[in-house]
Amino acid sequence: MKQYTRKTIKYYESIADKYAKSDAAVVLTDKIDIFAKLLSGKKILDAACGPGHDTDYLTKRGFDCLGIDLSEKMINIAKHNFKGKYKIMDFLNLKFRNNSFDGIWCSSILVHVQKKDLPKLLKNSWKILKNNGLVGIITAAKQKRVPGNSDTRTYVMHSKKELKDYLTNNGFNVLVSKIFFYGGRKRIFIIVKKI
Ligand SMILES: C[S@@+](CC[C@H](N)C(=O)[O-])C[C@H]1O[C@@H](n2cnc3c(N)ncnc32)[C@H](O)[C@@H]1O
């Protein structure tokens, strides 16, 4: 695990219970439904699933969804609250066969990945996706942010154009790209297809 990821996970371990009960752990059904409708198969990876609310939503919608996260506490909360499949795994070090998923759902995780690691993460995501597989992304748009004193998370924000460029330069076609606001923050919603 990267050193900056370790610090991010340490913070999530300390707030996991609070996070699971907060508005941050609410399923953004309008966004996830758009992603779900565009998928051409049932097998989905919920990357950095946190307390598992999105994995559970997709599982209940009939998808074969696996939630992965590096925080043991988050995974334990998910397993305690929901029936779905959950596993501790690093999104920066995926352990799956090539061509094994129809979609990867990435809600509020790219914000914790340093820009220098994004091309490798996208290449690895591309590999584990089947042909025409999709990646659905919700992430923080560029804006002012004042972190709390105890906040040890890496927090990376992108402009919509910058993120689209990363994706198109790493083998994806952009299908949907929108800016929206949730929880007082400006966010980017993007869906891309493996080409
Ligand atoms: C803001 S939460 C998002 C949780 C959930 N996806 C959601 O939308 O509410 C970020 C999550 O990313 C996890 N995380 C951070 N870096 C990770 C990595 N490299 N691999 C797997 N999980 C990671 C944290 O443990 C945390 O649960």
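Biologist: Where does Thr5 sit?
Modeller: Thr5 lies in helix α1, helices being DSSP runs of H or I with at least four residues, numbered from the N terminus. This is a predicted model, in which local features need pLDDT of at least 70 and side-chain atom pairs count only at pLDDT 80 or more, while totals for chains, interfaces and linings use all residues. Residues are numbered from 1 along each chain as its sequence is written.

Biologist: Why is Thr5 classed as buried?
Modeller: Thr5 is buried because 20 other C-beta atoms lie within 10 Å, and the label requires 20 or more such atoms within 10 Å, with C-beta atoms placed from the backbone.

Biologist: And what does Thr5 touch?
Modeller: Leaving aside residues up to four places away in sequence, Thr5 touches Leu70 and Leu92, where contact means C-beta atoms, placed from the backbone, within 7 Å. The C-alpha atoms of Thr5 and Val113 are 7.8 Å apart, although 108 residues separate the two along the chain.

Biologist: Which other residues of α1 are buried?
Modeller: Besides Thr5, the buried residues of α1 are Thr8, Ile9, Tyr12 and Ala16, and α4 (72-81) is among the elements that cover the buried residues of α1.

Biologist: Switching to the ligand, which residues come nearest?
Modeller: Ala48, Gly50, Ser71, Phe91 and Ser107 come nearest, out of 21 residues around the ligand, a residue being counted if its C-beta atom, placed from the backbone, lies within 6 Å.

Biologist: Which element gives the largest share of that shell?
Modeller: The largest share of the shell around the ligand comes from α1, with four residues.

Key: A residue is buried if 20 or more other C-beta atoms lie within 10 Å of its own, exposed if 12 or fewer, and partly exposed in between; C-beta atoms are placed from the backbone. Helices (H or I, at least four residues) and strands (E, at least two) are DSSP runs, numbered from the N terminus. Two residues are in contact if their C-beta atoms, placed from the backbone, lie within 7 Å.
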